[in-house]
Amino acid sequence: MVLMGKNTMMKRSIRMHAEKTWNDAFLSLINCLVGNVGLIFTKGDLKEVSEEVAKYKVGAPARVGLIAPSDVVVPPGSTVCCGVSVTTALSLAISYPTLAAVPHMFINAYKNLLAIAVETEYSLPQAVKVKEYLADPSKFAVAVVVADTSASGGGGGGAAPVEEEKPAEPEE
């Protein structure tokens, strides 16, 4: 199903679909409807759908009447980066796993598990270090100092910590 048209009409269609199916996850798409957008809903193969849409792709000027101060040459190429970020955002918004969204889904799940482990008595091996840092924040400060020392370079493996000399106490 291809949904294109005025954003108001698309937002209304999404709201109606969310009410009809009792699936509020689609409501998060409404915030993405800015500018000229079209939505494609499919149960088929995304690669085939992408190829079909690409057949009808046409070039358009950036803005009518706009004159560049110098010649602008844009080499032909893929705009995958933009497409991947939009696909990822859309997939995350509706909780639909795609190749681009799955890593983000795993990281978000990991963060949720860490939050549960920190707030409860439940623990998992990956949360032990986080709990140690929260129990004793001074450990975190030491880790930052060590990281800063190694990041500053120097090539010599970092400088040894300098101990302050204490003034000698008078003998009696």
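Biologist: How do you know that the span of helix α1 (residues 7-21) agrees with its 15 residues?

Modeller: At 1.5 Å a residue, α1 should span 21 Å, and its end C-alpha atoms are 21 Å apart, so the two agree. The expected span is 1.5 Å times one less than the number of residues. Helices here are DSSP runs of H or I with at least four residues, strands are runs of E with at least two, and both are numbered from the N terminus.

Biologist: What kind of model is this?

Modeller: It is a predicted model, where local features need pLDDT of at least 70 and side-chain atom pairs count only at pLDDT 80 or more, while totals for chains, interfaces and linings use all residues. Residues are numbered from 1 along each chain as its sequence is written, and side-chain values use heavy atoms, with hydrogens and water left out.

Biologist: Which residues of α1 are buried?

Modeller: N7, M10, I14 and A18 are buried in α1. Buried means under 20% relative accessible area, exposed means over 50%, and partly exposed is in between (1.4 Å probe, protein chains only).

Biologist: How do you know that they line one face of the helix?

Modeller: Seen down the axis of α1, the buried residues fall within an arc of 75 degrees, so they line one face. The arc is that of the directions from the helix axis to the C-beta atoms. An α-helix has 3.6 residues a turn, so residues three or four places apart point the same way. The other side of α1 has T8, R12, E19 and K20, which are exposed.

Biologist: What makes the phi of W22 stand out?

Modeller: Phi of W22 is near 60 degrees, a positive value in a residue other than glycine. Most residues other than glycine have a negative phi. W22 follows α1 and lies in the loop between α1 and β2 (38-40).

Biologist: Why is W22 called exposed?

Modeller: Its relative accessibility is 78%, so W22 counts as exposed. S95 also has a positive phi, near 55 degrees. S95 is in the loop between α3 and α4, and its 57% relative accessibility makes it count as exposed.

Biologist: Is T98 called buried or exposed, and why?

Modeller: T98 has a relative accessible area of 12%, so it is buried. T98 sits in the loop between α3 (80-93) and α4. Not counting residues up to four places away in sequence, T98 touches L46, T87 and S91. Contact means heavy atoms within 4.5 Å.

Biologist: What makes L113, I116 and Y122 a patch?

Modeller: They form a nonpolar patch on the surface, with about 310 Å² of accessible area together. Patch residues have over 30% relative accessible area and no salt bridge; nonpolar side chains (Val, Leu, Ile, Met, Phe, Trp, Tyr) are joined within 5 Å, like charges within 9 Å. A salt bridge is a side-chain nitrogen of Lys or Arg within 4 Å of a carboxyl oxygen of Asp or Glu. Accessible areas come from the Shrake-Rupley method with a 1.4 Å probe; for residues, only the protein chains shown count as cover.

Biologist: Why is I116 called partly exposed?

Modeller: Its relative accessibility is 45%, so I116 counts as partly exposed. I116 is in helix α4 (residues 102-119). Y122 reaches 53%, so Y122 counts as exposed. Y122 is in the loop between α4 and α5 (128-135).

Biologist: How many helices and strands does the protein have?

Modeller: The protein has six helices and two strands, in the order β-α-β-α-α-α-α-α along the sequence. Of its 172 residues, 10% count as buried.
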